[in-house]
Amino acid sequence: AEAVAPQRLLFFYIPNGIHMPSWTPQQTGTGYDLPLILEPLGDMAAQVNVLTGLANLPARPDGPGDHAAGTASFLTATHVRKTSGSDIQNGISVDQVAANALGSATLFPSMQLGLEGGATVGSCDSGYSCAYTRNISWAGPATPLPKIIDPRLLFDRMFGGSDGALTADQIARRHYYRTSILDYVKDETEALKPRLGSRDRLKLDEYLTGLRALETQLESIAAEPNVCPAPDPESVVDRRSGDLPAITRSMIDLMVLAMQCDMTRFITFMMGNAASNRSFDFLGISEAHHSISHHQSLPDNFAKLETIDRWEVEQFAYLLNRMAAVEEDGGTMLDNSLVLFSSEIEDGDYHRHTNLP
């Protein structure tokens with residue numbers, strides 16, 4: 001049979017909305033104009049549709065909390081329960097619907113990646129759990145899937161520690177110790193079960209299910225080393241460097257490599273957590289992004305948002321160009337992929353969940 005290239009889904013999330021006047025094209029159809037923020041798309045615009053009028057009404061919160069409710073609902077289109085406790089409730093995200101149906105064909109059914117971490121407990125937005133603000137991939141109503149935020153850790157997960165400095169025996173020993181630790185954790189949690197209430201026992205079962213999935217991945221890497229050649233480990237940026245542009249590009253390069261090697265076909269990527277307060281000193285902006293997004297219609301804030309938003313689109317354009325450069329059956333990797341770029345809200349000051357970017 002004629003070879004068929006893998007079909008892929010990739011979801012690229014940015015926080016705090018977009019400055020829409022500098023985002024929305026004035027022309028419809030092909031050959032649309034590129035406003036300031038979309039200019040980095042360049043020639044890739046011919047392969048990108050800019051959708052207007054797209055709403056996610058279930059993302060509206062109960063009272064304050066638009067960032068958390070919108071981010072949690074980003075790929076589930078579910079109205080989440082407002083809580084900062086363990087009784088979180090969402091829906092399954094679209095990437096996991098795909099992974100459940102087709103993810104068994106690859107080493108990793110899906111990948112959850114990002115640039116900002118943090119715990120998934122406690123309140124992060126007006127009484128909404130941090131689980132809602134820090135995850136867009138959900139395996140089920142109470143199971144957010146944590147993301148990898150360090151390119152070096154992602155490299156290690158993809159290539160099983162094959163960093164060029166380890167022998168085959170050392171790699172096997174590393175996997176043995178990892179498996180031993182997982183077995184120890186499972187024994188401890190099984191001993192804990194009888195002392196838990198029904199809700200905590202359910203949470204523990206969900207945790208063990210995720211742990212088993214990780215164990216299976218590690219066993220697969222150890223048993224069947226990937227034939228895809230690992231890049232030079234020195235080319236992978238350490239998150240501790242604090243160099244956000246370099247970290248971002250390194251993560252994108254590894255995302256493309258993971259798809260090129262058919263390690264996974266479903267990826268979610270968060271440029272930041274909901275209501276991210278990251279500053280962009282390398283762009284000459286020292287103020288926090290979330291604070292600026294509450295622009296109060298001040299021209300100075302508009303200018304800063306344009307700079308941040310344009311940089312985010314530059315990273316998206318870099319991803320698309322990297323995917324378009326990979327030739328495979330039927331065209332390029334980009335031809336065989338669907339990539340969504342959006343945010344949890346439209347405008348950072350108005351917090352609307354209609355006309356999303």
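Helices (H or I, at least four residues) and strands (E, at least two) are DSSP runs, numbered from the N terminus. This is a predicted model: local features need pLDDT of at least 70, side-chain atom pairs count only at pLDDT 80 or more, and totals for chains, interfaces and linings use all residues. Residues are numbered from 1 along each chain as its sequence is written, and side-chain values use heavy atoms, with hydrogens and water left out.

Start with the pockets. A pocket is an open set of points on a 1 Å grid over the protein atoms alone, where a 1.4 Å probe fits, with protein on both sides within 12 Å along at least five of seven lines; lining residues have an atom within 4 Å of a point. Volume is the space filled by probe spheres set on the points, which are joined across faces, edges and corners.

The second largest pocket holds about 590 Å³. Its lining counts 24 residues, and V48, N49, V339, L340 and F341 lie closest to the centre. Helix α9 (299–324) and strand β12 (337–343) each give at least two residues to this lining. The largest share, 6 residues, belongs to β12. By class, 20 lining residues are nonpolar, 4 are polar and none is charged. Here Ala, Val, Leu, Ile, Met, Phe, Trp, Tyr, Cys and Pro count as nonpolar, Asp, Glu, Lys and Arg as charged, and the others, Gly among them, as polar.

Now the largest pocket. Its volume is about 1400 Å³. The lining takes in 47 residues, with Q112, L145, P146, G210 and A213 nearest the centre. Two or more lining residues come from each of α2 (94–102), β2 (111–114), β6 (143–144), α4 (151–159) and α6 (198–223). Helix α6 supplies the largest share, 12 residues.

T268 sits in strand β7 (residues 266–270). Is T268 buried or exposed? T268 is buried, because its relative accessibility is 2%. The class limits are under 20% relative accessible area for buried, over 50% for exposed, and partly exposed in between (1.4 Å probe, protein chains only). Leaving aside residues up to four places away in sequence, T268 touches F11, L75, D95, M111, Q112, L113, I136 and S137. Contact means heavy atoms within 4.5 Å.

Next, the disulfides. The whole structure has 2 of them. A disulfide is a pair of cysteine sulfur atoms within 2.5 Å. Counting bonded cysteines along the chain, the pattern is 1-2, 3-4.

C124 pairs with C130, S to S 2.0 Å. The torsion about their S-S bond is about 85°, so this disulfide is right-handed. C124 is partly exposed at 33% relative accessible area, whereas C130 is buried at 4%.

C228 pairs with C261, S to S 1.7 Å. This pair links distant parts of the chain, 33 residues apart: C228 is in the loop between α6 and α7 (244–260), and C261 is in the loop between α7 and β7. C228 is buried, with 16% relative accessibility. C261 is buried too, at 14%.

Finish at P64. This residue lies in the loop between β1 (8–14) and α1 (66–72). P64 is exposed, since its relative accessible area is 53%. Which residues does P64 touch, not counting those up to four places away in sequence? They are K82, S126 and Y128.
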